[in-house]
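Please find my notes on this entry below, as numbered points.

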Amino acid sequence: MINICPGCHEGRLRAYNFHGEQVDCCRQCGGLWFKNGELNAALSKADNGDDDVRVEETLGDLLGISSRSCHQCDLSLHRYHLMTGYEIEVDVCHSCSGVWVDEHERTKVVQSPKVRQLLEELNGRISVKTWLFQFLSKMPVEFNLKPKSTPLVTYMLLALNILIFFAYGFNLSTTDMVFENFAMRSNELLAGHHPWTLLSHMFLHGDIMHLAGNMYFLYVVGDNLEDALGRAKFFGLYILCGLAAAGAQIAADPGSGIYMVGASGAIAGLFGMYLMWFRHASLTFMFVVFQKKLSPMAFFAIWLGFNIFGLVMAGQGVAYWAHIGGFVMGLILGISLKSKVMHNNPMLALLNEPEVKIAR
C-alpha cells in the first residue's frame, strides 16, 4: 500500500521518531499521522507536565467532515478540536482512530497537556469569598497564572509607597511640608522649580484610600509583569510610565498649581502592558451585586471609559490626563516589546494564541 499524505496529497509518508514513538511523517508538508494510541504515547513522553496523556479519548467539539481522507481506510476524516478550550484542529478517522496533525500545529499539540492544566487555573469559578471581597472592597479579583519567581520589585514598590505614606500621612503639618517640597505642580516645574518632583510625586498619596487603591492594583498586575519582564526592566518601565503620565498632565494643564501625587499614572502604564500580554487573564467587575469575569480588554475599556467621562465632566482632584497618558505609554511599550516578551516566555506566548479560549 502506498501511503500518500492525507494533508498535501503529494508527499509520501515515512517513518519518523516523534518523542520516542515511530509515527508516519510527510517529508513534503511535515504533517504527522498517529495510529490509534500513538498520539497519547508520544505526548506522555514529551516534556509537557503530564506522563499519562489521554487526549485521544477526550477530544473537543466535532466540527464536521474534513476534506481529507484516511490513507489507510480510504474514508473521509472528521475534524475535531484537540480539546475543549484549546481549539487546535486535528483530523480523525472514525474507522481506525488515526489522527492527523499539521506541521504548524506540532508544538501546540505537544504542549496541550500543559495548556489543559493552565486552563484549569484560569477558568476557576467565582466563589462566595471572591464575591464578598469585591462587594466590600470594590476591588476586582484576578484570575491569572502564578508568577514563576518572587516579585521582589513589586513588593519593594508596595513597601516603599506604604512606608512613605505612614511617615507623613497622619500629620497635617507634615503632609503640607511634604507636598510643598515633593508633590508635582505643573506651573512650578515649567518655571524650573523642584524638578525632582517628576519622580517623587509617584511615591506620595493623598489619603489612605488613595494609597490602598493604587497599591492593590499594583499588587494585582505587578507580579505577572515583573515575572515576564525581569526585575530591572520592570522597574525601569514602571518609572518610565510614571514620567509619561506626568508629562501628559503637564501638557494638558501647564498652568496648574494643584498638587499632583500618586502612583496611578505609573500603574496605568502597567495596565497597558498587561492588556497586551495577558489576554488569557480575567478580572472581575461588579455591577451593584452582579459579579462577572471580564477579559482585560473589556475591563480596561470600562476603566478608560470612566477616566474619559471624568475628563469630559472636568472633575477636580483627579489627574485624568495622567491616567490616560500612562496607559497610552503602557500600550506603546506593550506593542513594541510583545515579540521579545513572548519569545522569552514560551507558555505566555502559547496562552496568547487565538486557539486558547477562556471560560468567563
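1. Accessible areas here come from the Shrake-Rupley method with a 1.4 Å probe. On that basis the accessible surface of the protein comes to about 17400 Å². Carbon and sulfur atoms account for 61% of this surface. The model is a predicted one, and the values that follow should be read accordingly.

2. The secondary structure consists of 14 helices and 10 strands. The radius of gyration is 26 Å, well over the 21 Å that the globule rule gives for 360 residues, so the protein is more spread out than a compact globule. Along the principal axes, the C-alpha trace spans about 90 × 40 × 35 Å.

3. Of the 360 residues in the protein, 50% are buried. Taking contacts between residues at least 6 apart in sequence, 63% join residues at least 24 apart.

4. The largest pocket has a volume of about 1400 Å³. Its lining comprises 48 residues. Those nearest the centre of the pocket are Ser 264, Asn 307, Val 318, Tyr 320 and His 323.

5. Which elements supply the lining of the largest pocket with at least two residues each? They are the helices α9 (208–229), α10 (231–252), α11 (264–277), α12 (296–312) and α13 (320–344), together with the strand β9 (282–287). The most is given by α12, with 7 residues.

6. By class, the lining of the largest pocket divides into 28 nonpolar, 18 polar and 2 charged residues.

7. Met 329 sits in helix α13. The C-alpha atoms of Met 329 and Gly 242 are separated by 9.2 Å, while the two residues are 87 apart along the chain.

8. Ile 4 belongs to the segment before β1 (13–18). Because its relative accessibility is 33%, Ile 4 counts as partly exposed. Leaving aside neighbours within four places in sequence, Ile 4 has contacts with His 9, Glu 10, Gly 11, Arg 12 and His 71. Pro 346 lies 342 residues from Ile 4 along the chain, and the C-alpha atoms of the pair are separated by 34 Å.

Key: Residues numbered from 1 in each chain as written. Predicted model: local features only at pLDDT ≥ 70, side-chain atom pairs only at ≥ 80, totals over all residues. Heavy atoms only, no water. 1 Å grid on protein atoms, 1.4 Å probe; cavity = no way out; pocket = protein on both sides within 12 Å on 5 of 7 lines; lining within 4 Å. Points joined across faces, edges and corners; volume = space filled by probe spheres on them. Helix = DSSP H or I, 4+ residues; strand = E, 2+ residues; numbered from the N terminus. Nonpolar A, V, L, I, M, F, W, Y, C, P; charged D, E, K, R; others polar. Rg over C-alpha atoms; globule rule 2.2 N^0.38 Å. Buried < 20%, exposed > 50% of the residue type's maximum accessible area, 1.4 Å probe, protein only. Contact = heavy atoms within 4.5 Å.
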